[in-house]
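Let's take a walk through this protein, starting with its open spaces and moving on to its sheets. Have a look at the model first.

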Amino acid sequence: IRCWSNIPFITVPLSRAHGKSFAHRSELKHAKRIVVKLGSAVVTRGDECGLALGRLASIVEQVSMLQNQGREMMIVTSGAVAFGKQRLRHEILLSQSVRQALHSGQSQLKDMAIPVLEARACAAAGQSGLMALYEAMFTQYSICAAQILVTNLDFHDEQKRRNLNGTLHELLRMNIVPIINTNDAVVPPPEPNSDLQGVNVISVKDNDSLAARLAVEMKTDLLIVLSDVEGLFDSPPGSDDAKLIDIFYPGDQQSVTFGTKSRVGMGGMEAKVKAALWALQGGTSVVIANGTHPKISGHVITDIVEGKKVGTFFSEVKPAGPTVEQQGEMARAGGRTLAALQPEQRAEIIYRLADLLTDQREEILLANKKDLEEAENKGRLALPLLKRLSLSTSKLNSLAIGLRQIAASSRDSVGRVIRRTRIAKDLDLEQVTVPIGVLLVIFESRPDCLPQVSALAIASGNGLLLKGGKEAAHSNQILHHLTQEALSIHGVKDAVQLVNTREEVEDLCRLDKLIDLIIPRGSSQLVRNIQKAAKGIPVMGHSEGICHVYVDTDASVEKVTRIIRDSKCEYPAACNALETLLIHRDLLRTPLFDQIIDMLRVEQVKIHAGPRFASYLTFSPSEVKSLRTEYGDLECCIEVVDSVQEAVEHIHKYGSSHTDVIITENEKTAKFFLQHVDSACVFWNASTRFSDGYRFGLGAEVGISTSRIHARGPVGIEGLLTTKWLLRGDNHVVSDFSEHGSMKYLHESLPLPQRNTS
């Protein structure tokens, strides 16, 4: 027997063999048998008289979808009393109006008092209508539903328990959704604390306890309890400090204060928690979530089954480390301490990290070797991703050099005055640089990204949450350990956190109260998914790297093939690699054009012909499916244009505003291209591959942004800073500057303090 709040709970009911609940949300997608409990507040309208038909239809749709996936769904529903109350009120009003009309001879209705309706009578009147409604809704999805009414006595009688169990199993075998409810027409009023008193079953006194009992009896994998609150909170919902409890563990009850029960129904949150814990101890996983919120109720059940972070998940397995919410708070506090350090102290941390990368290279490469071996054994990573995953001594040396560049350039990044204005006498205003706050950087297959981004966050005084791919788990772990070792020299170890929990990226993107900026580093698909999932958090990055090189009529023969080869072949998987080659029409069938084609063939680059280029050829290469394609491999598209103006228009129509290049010796043409192409990086006679933070002298980059606000192009320290305004006065008030006031605005620009360039 396990105890909670001085009430004994039997660990495993006698009728059920020992089962084991899911330890993590991500495992919920494997749930085969699921009970969905619909609380009265979910099924009932706001006026507590009648059903919320739209909400109910959405729930039926989700249950049907899961049933048609091959799962076994059961519903424990409330609503009979509310539906019956609606019917009885209508009958009473109709009856009173007829009697009043007969009595007075008038058809006009006067105010009529509605008597208090007894709940059991309402249940009796509402059961048949409620079931008819469910049947009609499930019929739309070619699913049959069956009604079962139970009372507490049905679970105390062994024969009735066997009968109920057999009936439910037979219904599930026939792909029928059982809809279960307490028989409120005959059930006696509940006695307080009557359940679990010296018996080995939970007493059925409301639909929460019924759902828990049923879930355990039927050896259910998952119980979803839908109510009118998001889940469990550590303080009353709606209060300033209330935080939703993501995962609730047996023994955490002391951290929760239970308030009043739901606006309708028999049980409150305390009843739900008791029932949930009892079901959990019987081997059934439980999630308590909001089934009434208009933004999520249409997919709340399917989201839970997919493992998304919805509501409160009950688990018996407590993780060894902090939750991601706790890590976010630690990163925020650590980042503020980091920002308060002297610039020399932040630089010292980065120099120390650079030294550790070379001093501990054997341990780093050994961890990386484990990742590479596991990736190759599983065979899940393509060759370009394996290359990104691989570390080497030369890579670590380059990383260390880049980190030292960051340290050297970061001395006056935070707290730099960028504007000074004298508002009035003895009233001076300054605009100074400050960190953005907490950054979430999500990266794939690139462990070298971790120290780069960490150094930039340290230099800019930002807290940092890192989410790496599981394919680089060993490498990321040791690199993060070294980062924290470097941070420890000034007591700011918590400023950089590595998220190791089974947190889905989509769930991380919803932590808008903890994260100020998301920076994805990976495939275009990853960036698009994060941009779609981010709820209220800005995302810095680019979804695609469709980079162009335009070869003008005045291009140098010597430069063309070198620049094109480097742009396409040096690292074809990079986001700054050439994807579309634009050729001026006059260059077709010239020796220069032949040289370009020969070079691409030698480099084994597969050519796709654009529509206009294909029209000039008798036997053309495969015609491109889309001019907006990022190949990420030894492939590219060739298209023909008539002028630099047409090249610019093509780039604006099909490009991604990343990096675009012109090759020409005509300065006037080049200036036109540089001025008119609206991309983050625009080059003249240089490879697209120069679009990189390290090559720009930024030391490193957190990514390349194609956004038009805040930061654009390779983003280094400057892109991780924002500003705040400091106003220093001496008893100044706005009324002094009114028409008849004693002071006048000056708005004089003041010289900036001299920057430290040492």
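## Ground rules

Sorting residues into classes works like this: Ala, Val, Leu, Ile, Met, Phe, Trp, Tyr, Cys and Pro count as nonpolar, Asp, Glu, Lys and Arg as charged, and the others, Gly among them, as polar. The model is predicted, so local features need pLDDT of at least 70 and side-chain atom pairs count only at pLDDT 80 or more, while totals for chains, interfaces and linings use all residues. Residues are numbered from 1 along each chain as its sequence is written, and side-chain values use heavy atoms, leaving out hydrogens and water.

## The largest pocket

A pocket here is an open set of points on a 1 Å grid over the protein atoms alone, where a 1.4 Å probe fits and protein lies on both sides within 12 Å along at least five of seven lines; lining residues have an atom within 4 Å of a point. Grid points are joined across faces, edges and corners, and a volume is the space filled by probe spheres set on the points. The largest pocket comes out at about 1,800 Å³. Its lining has 44 residues, with Leu244, Lys309, Glu325, Arg510 and Leu511 nearest the centre. By class, the lining of the largest pocket splits into 14 nonpolar, 9 polar and 21 charged residues.

Where does the lining of the largest pocket come from? Domain 1 (25-93 + 117-185 + 205-314) and domain 2 (324-533) each give at least three residues; the domain bounds come from an automatic or database domain assignment. Helices (H or I, at least four residues) and strands (E, at least two) are DSSP runs, numbered from the N terminus. Among the elements supplying at least two residues each to this lining are strand 9 (285-290) and helix 10 (324-340).

## The second largest pocket

This one has a volume of about 1,300 Å³. It is lined by 50 residues, and Arg388, Arg446, Arg521, Tyr571 and Ala574 lie nearest its centre. The lining of the second largest pocket holds 15 nonpolar, 20 polar and 15 charged residues.

Helix 14 (393-409) provides the largest share of this lining, 6 residues. The second largest pocket lies between domain 2 (324-533) and domain 3 (548-701), because both give residues to its lining.

Two strands pair if DSSP finds at least two bridges between them. Here 4 strands form an open sheet in the order 15-14-13-16, with parallel pairing. Strand 15 (496-498) and strand 16 are the edges, each with a single partner strand, so one side of each has no neighbour in the sheet. From one strand to the next, the twist averages 20°; axes are lines fitted to C-alpha atoms, for helices over the stretch in contact, and angles run from 0 to 180 degrees between N-to-C directions.

Strand 14 (residues 463-468) pairs with strand 15 in the parallel sense over 3 bridges, and Leu465 has Gln497 in strand 15 as its bridge partner. Helix 15 (residues 449-460) packs on the sheet, touching strand 13 (438-443), strand 14, strand 15 and strand 16, where contact means heavy atoms within 4.5 Å.

Strand 3 (residues 33-38) and strand 7 (residues 222-227) pair in the parallel sense over 5 bridges, with Ile34 opposite Leu222.
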